[in-house]
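Student: Could you take me through one part of this model up close? I'd like to see what sits around it.

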Amino acid sequence: MLTSSQKSQVSRARHRSNAAVGPQSGRVAVLCGVLFLSGTGALIFETLWLRLSGLAFGNSIWAAALILSSFMAGLALGNALAASSRIRRWRPLHFYVVLELFVAFFGCTIVFGLPVLGDLMRPVWQTLWDYQPALLGLRFVVSFLILLVPTTAMGLTLPVIIEDPLLRETEFGRAIGFLYGSNTLGAMLGAILGEAYLIGAFGLYGTSLAAAAAVCIAAVIALAVARFGAARYVVGFKGTDPAAHSKFPLSFDASYRPPWRLLFVSFGTGLVLLALEVIWFRFLRLYVASSPTAFAMMLAVVLAGIGFGGVAAGAIYRRSRPLNRLLPLLLLLAALATLLSYLFFPGELIQVRTGVFDLRWWQIALLSTVLMFPVALISGVLFPSIAANVQASVGDRMNSTGITTLPNTAGAALGPLIAIFVLLPGVGYQWSLIFCAGGYALLSGVAALPSSEPSRKSAVRTDSSRGELSEQLNLSGLVLIGLWVALILVLAIFPYGRARTHFEHVSRPYRVDDKGHVLAHVVKRIEGTSDTYQLLRRDLFGEPYYYRLLTNAFSMSATNPLNQRYMRLFAYLPLALRPEAEDVLLICYGCGVTADALAELGRAEEAKALRKKYKRPALRPPMPLRTPCR
């Protein structure tokens, strides 16, 4: 029983806490708006860099992977600086403003400079063309140096802003959830806005200026908050280290012990989610045509899930502080959602005879939401949960955010490479999804292990709090066991032949006519590093009549007489107009009909090489699809 004086003290403390909620919520909301604008500009810049990088580094899958790796490496460098440094003599919001100005200036500079760099580097790439390892290494170094400043600044923005005294009275888990979620929702807006309106209306250069404007507005708001905020929030911050006389705002200081188990979970969640993103996009291309609009819509769905998950994590932390017990449960939920979202994918909504280019934006959004949103939402809750647990061990907010983000970014850089070059060509998209679900389950087991790392926020617990904690642990343990049972049950009854249904959805219009008569049959399927291929053959009197190559969701090429007629014109017409031609540059993607026509003409020096690569695919056994692009 509490005495009357104790009750009055509790009442006054509760009143003071409720009175402080309003100003705290307002400060968090303003800074969430700042990071929302920052995320919008950053995603638009990233989209423009990837678009223009083809002019400077090539458009091969290896070149695209290296550019993405360079981008992620720059982010990781910024995370590493935040993990190993502390801000001295500068207010964090002031430092944040400088970082955003760097992003705006160098982001526009890269957009305007990449085409010029392509012209300058072209002789170097041509010289090293026969030395691919050296060429790829040089491309990575050059792209990393070009993107170094803006990407490093992007990697520092979230850890720096969360260190500001304005957020000192806000619980770390709540702050990181809202800030992280708002930044990701801003990136979602950037993904849609850039492709749907800005690039078409203002072009690439105008879009870069719009992105810089969004980032600069975020910087101005942050500067205004820092300048006109209450002075009491800065008391105790200025001059915290009088010996730090350097004008550089960062001082290297990593005197904490990293919580390696949580960092491994952070690395794994980043790796699995980005691998899943690649696998999802590949799977959706069986139903949706590859286009910038479709890609932007699919990316926006993933970012929306992560963003809303981050905001939900902030709200959950406010009501339920011990999120560490939810971590194994969330990871198992992610594993189950990965499998169930694939099983309940509404592919039947896309009619067989509907052209993949005729899909409306809401159909693409619906397919993407069912497949990707549940796992993305859980992933958005996971990152703030991991960061809050890390902060309980590390203490410093910027170090905690940086050291949590660093392995997550490293995993995110590695995940797409594993999906593209290992999982998809090795086991296909369906088993890749199953392996990713297994990865989440493995991480759940790691997160459930007892921690030997002491928390800096340990407190003396009363008997009642110990009893409440014991009940919560028992309840979470029962839920964890139930989720494991559900996952094992789903894997036991999983229809492992379901992938054939999705492949047949693509091939059915070319295999069967409207009356159900069989026209052709599939002779080979290959899930490659960049596309999914199906080779169909139609027989006539027991002999192959023609072949058709299906790439993802549509027919790319065929060797039937009608198609051969116009594809051979690409060889006949240029040589008819220029009969003295000695060199041929053939850029094509298909069954090799045009190359076969050039080889038959025998008018070019390259005809011998072309004849070796293509030999009338309609008159021989199934052609190899290992190199369908010539």
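Tutor: Let's begin with Val-422, which lies in helix H10, residues 397-448 (helices are DSSP runs of H or I, at least four residues, numbered from the N terminus). This is a predicted model, where local features need pLDDT of at least 70 and side-chain atom pairs count only at pLDDT 80 or more, while totals for chains, interfaces and linings use all residues. Residues are numbered from 1 along each chain as its sequence is written, and side-chain values use heavy atoms, with hydrogens and water left out.

Leaving aside neighbours within four places in sequence, Val-422 touches Leu-417 and Val-427 (contact means heavy atoms within 4.5 Å). Val-422 and Gly-528 are 106 residues apart in sequence, with their C-alpha atoms 9.8 Å apart in space.

Now for Thr-269, in helix H6, residues 260-284. Thr-269 counts as buried because its relative accessibility is 5% (buried is under 20% relative accessible area, with a 1.4 Å probe and protein chains only). Its side chain makes a polar contact of 3.4 Å with that of Asn-408 (a pair of N or O atoms within 3.5 Å, one able to donate a hydrogen and the other to accept it; residues adjacent in sequence count only if both atoms are side-chain atoms). Beyond neighbours within four places in sequence, the contacts of Thr-269 include Leu-331, Leu-382 and Tyr-440.

Technical notes:
Helices (H or I, at least four residues) and strands (E, at least two) are DSSP runs, numbered from the N terminus. Buried means under 20% relative accessible area, exposed over 50%, partly exposed in between (1.4 Å probe, protein chains only).
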